[in-house]
Amino acid sequence: MSKKNKPPRPEPETLGLPLAGVDSHAHMDLDDFDADREDLLDRARACGVSRIGNVFLGPQAYHKNRHYFDHRPEVFFILGIHPGNADQCTPETVEAMRQAFAADPRLKALGEIGLDYYWDDHPHELQQQVFRTQLALAAELGLPPVIHCRDASDSRNAFDDTIRTLEDAGFSGRKLLWHCFGGDASQARLVLDHGWHVSIPGPVSYGRNSALREAVETIPLERMLIETDCPYLTAEPWRGKRNHPALVGFTAACVAEVKGLASEAVWIATGRNASSFFNLEDS
Ligand SMILES: [Zn+2]
């Protein structure tokens with residue numbers, strides 16, 4: 001079919017979802033959104049997204065960009081040093097995070113932190129050390145961590161190392177969110193067996209990701225959140241375009257199809273889970 005004759009992609013407004021969903025992981029402070037951040041936040045609301053978790057990649061980004069959301073109470077904050085920036089974790093930046101968390105009740109979780117052996121920007125030992133340092137801070141603050149874990153394409157070393165690091169740090173059975181879950185059913189089992197929550201991103205809708213859809217089939221709705229990770233990882237039918245929070249409804253629709261449920265049921269349940277996980281009721 002020629003490009004000209006392709007049917008138009010459905011807009012997220014057509015999903016008709018009520019104002020009850022939560023995008024648990026977005027990067028709306030990035031300059032990808034400088035031209036239309038306000039419009040996209042309005043649009044998310046019009047598409048049923050009641051809350052958005054904005055993830056700041058380190059204390060510098062937090063201090064520089066948090067003002068974007070001064071008049072956006074629907075946005076709550078997550079802050080941590082990503083493994084791709086492991087070299088930025090110094091005693092000074094850890095202290096800056098400790099002070100930010102003490103001062104700002106909009107900060108609800110510590111993340112995204114973890115291990116990334118895919119981009120592999122820093123030695124694994126350094127990544128693990130930075131991960132442990134921030135897990136200790138999360139424990140000290142009594143806040144849940146949001147985990148980033150990405151494997152090199154030919155192994156699951158990052159996954160196994162992440163599980164081991166979390167067990168060693170005493171996080172088995174504690175509140176924790178595994179962000180952007182991309183594993184198979186056996187990996188989902190292991191995460192769930194530790195008592196943790198799982199956040200499902202847009203790639204669950206990609207044709208070749210049948211292992212992830214099989215995993216989603218087995219994950220109880222009570223343990224599931226959904227996310228965009230925008231501007232990245234756009235769900236079908238908008239794959240390849242810039243991602244934004246209004247598009248998270250397509251991820252709910254895909255999860256619903258896999259589980260044989262109504263989109264609205266997945267939307268409301270995952271929204272409620274996010275609200276309780278991040279303690280959003282009181283803010
Ligand atoms: Zn992210």
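Pro237 sits in the loop between strand 8 and helix 8, and the peptide bond that joins Glu236 to Pro237 is cis, with omega near 10°. The model is a predicted one. Another backbone feature is at Asp120, where phi is near 55°, a positive value in a residue other than glycine. Asp120 belongs to the loop between strand 4 and helix 4 (124–141). As a rule, most peptide bonds are trans and most residues other than glycine have a negative phi.

Eight strands make up an open sheet with parallel pairing, and their order is 1-2-3-4-5-6-7-8. Strand 1 (21–26) and strand 8 (224–226) each have a single partner strand, so they form the edges and one side of each is left without a neighbour in the sheet. In general, strands of a sheet pair through backbone hydrogen bonds, in a parallel or an antiparallel sense.

Gly21 has Val49 of strand 2 as its bridge partner. Helix 9 (residues 263–277) packs on the sheet and touches strand 1, strand 2, strand 5, strand 6 (177–178), strand 7 (197–200) and strand 8. The direction of helix 9 makes about 100° with that of strand 8.

Among the helices, helix 7 packs with helix 8 (residues 248–259) at an angle of about 70°, and their axes are 9 Å apart. Because angles of 65 to 115 degrees count as roughly perpendicular, helix 7 is roughly perpendicular to helix 8. Helix 7 contributes Arg213, Val216, Glu217 and Thr218 to the contact, while helix 8 contributes Val255, Val258 and Lys259. By type, the residues of this contact are three nonpolar, one polar and three charged.

What is the volume of the largest pocket? The volume of this pocket is about 1300 Å³. Its lining consists of 39 residues, and those nearest the centre are Cys149, Arg150, Asp151, Cys180 and Leu233. Strand 4 (107–116), strand 5 (145–150) and helix 7 (210–218) are the elements that give two or more residues to this lining. The lining residues divide into 17 nonpolar, 13 polar and nine charged.

Conventions:
Residues numbered from 1 in each chain as written. Predicted model: local features only at pLDDT ≥ 70, side-chain atom pairs only at ≥ 80, totals over all residues. Heavy atoms only, no water. 1 Å grid on protein atoms, 1.4 Å probe; cavity = no way out; pocket = protein on both sides within 12 Å on 5 of 7 lines; lining within 4 Å. Points joined across faces, edges and corners; volume = space filled by probe spheres on them. Helix = DSSP H or I, 4+ residues; strand = E, 2+ residues; numbered from the N terminus. Nonpolar A, V, L, I, M, F, W, Y, C, P; charged D, E, K, R; others polar. Pairing = 2+ DSSP bridges. Contact = heavy atoms within 4.5 Å. Axes fitted to C-alpha atoms, helices over the stretch in contact; angles between N-to-C directions. Parallel < 35°, antiparallel > 145°, perpendicular 65-115°, else oblique.
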